[in-house]
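The entries below follow the order in which I looked them up.

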Amino acid sequence: MKKRYWVIPLIIFLIGLDWYIRAPDSRSRQLTSAIEAKAGDDLKHYPYPFKVLRVVGETAYLSTPRNVDVPAFKVLGVLYPDINVKNANDPAFIAAQEKLGRVQTEARTILQAQPGIKDVQWELDRDWLVAHHIEVPAK
């Protein structure tokens, strides 16, 4: 039985290592805080939390819940469960798509105005999608 006790410290170590690898650096946290501080009402109250994943040189990588691999209707169905996302002509669906576009643009604009940031790249937020039971394509 004593031989199995080594598993507990190993699991704790692996959880800590996973946290360390995924934890954003201080610059990313600072830029995410800038988005939160300067956001308008739509962005502040949007159900998806945009965040800076990392900064490489003068490029900030900003999380997004959708891209060409994950269509907007899948994400909007989670963010707005009362909307009929199967009907692309539904006015509520169209409004939700437009709002997503507006808040994404606002988050990007806030980042581009920050010192040291010249470019913003979108990166699919795989962790958020998986946590919300949305199928994520392989990288």
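Entry 1. The model is predicted. On this scale Glu123, with a relative accessible area of 25%, is partly exposed.

**Entry 2. The partner of Glu123.** I looked up the side chain that Glu123 meets and found Arg54, in a salt bridge of 2.7 Å from N to O. This pair links distant parts of the chain, since Glu123 belongs to strand S3 and Arg54 to strand S1, 69 residues apart. I noted Arg54 as partly exposed, at 32% relative accessibility.

**Entry 3. The other salt bridges.** The structure holds 4 salt bridges. I examined Asp125 with Lys51, where the closest N and O atoms are 2.7 Å apart. Asp125 is buried, with a relative accessible area of 6%, whereas Lys51 is partly exposed at 29%. I also recorded Arg108 with Asp119, a salt bridge of 3.9 Å from N to O. Arg108 lies in helix H5 and Asp119 in strand S3, so this pair ties together parts 11 residues apart in sequence. Arg108 has a relative accessible area of 26% and is partly exposed; for Asp119 I noted 26% and partly exposed.

**Entry 4. The sheet.** I traced an open sheet of 3 strands in the order S1-S2-S3, with mixed pairing. S1 and S3 are at the edges with a single partner strand each, so one side of each has no neighbour in the sheet. From one strand to the next the twist averages 25°. S1 and S2 pair in the antiparallel sense over 4 bridges, and Val55 has Ala60 in S2 as its bridge partner.

**Entry 5. Helices across the sheet.** H2 lies across S1 and S2 and runs at about 125° to S1. H5 lies across S1, S2 and S3, at about 135° to S3.

**Entry 6. Helix H5.** I checked the length of H5 (residues 91-112): its 22 residues should span 32 Å at 1.5 Å a residue, and the end C-alpha atoms are 31 Å apart, which agrees. Which residues of H5 are buried? I listed Phe93, Ala96, Leu100, Val103, Gln104, Ala107, Ile110 and Leu111. Down the axis of H5 they fall within an arc of 130°, so they line one face of the helix. Among the elements they pack against are helix H2 (26-38), helix H4 (72-79) and strand S2 (59-64).

Note on methods. Residues numbered from 1 in each chain as written. Predicted model: local features only at pLDDT ≥ 70, side-chain atom pairs only at ≥ 80, totals over all residues. Heavy atoms only, no water. Helix = DSSP H or I, 4+ residues; strand = E, 2+ residues; numbered from the N terminus. Expected span 1.5 Å × (residues − 1). Buried < 20%, exposed > 50% of the residue type's maximum accessible area, 1.4 Å probe, protein only. Arc of directions from axis to C-beta. Contact = heavy atoms within 4.5 Å. Pairing = 2+ DSSP bridges. Axes fitted to C-alpha atoms, helices over the stretch in contact; angles between N-to-C directions.
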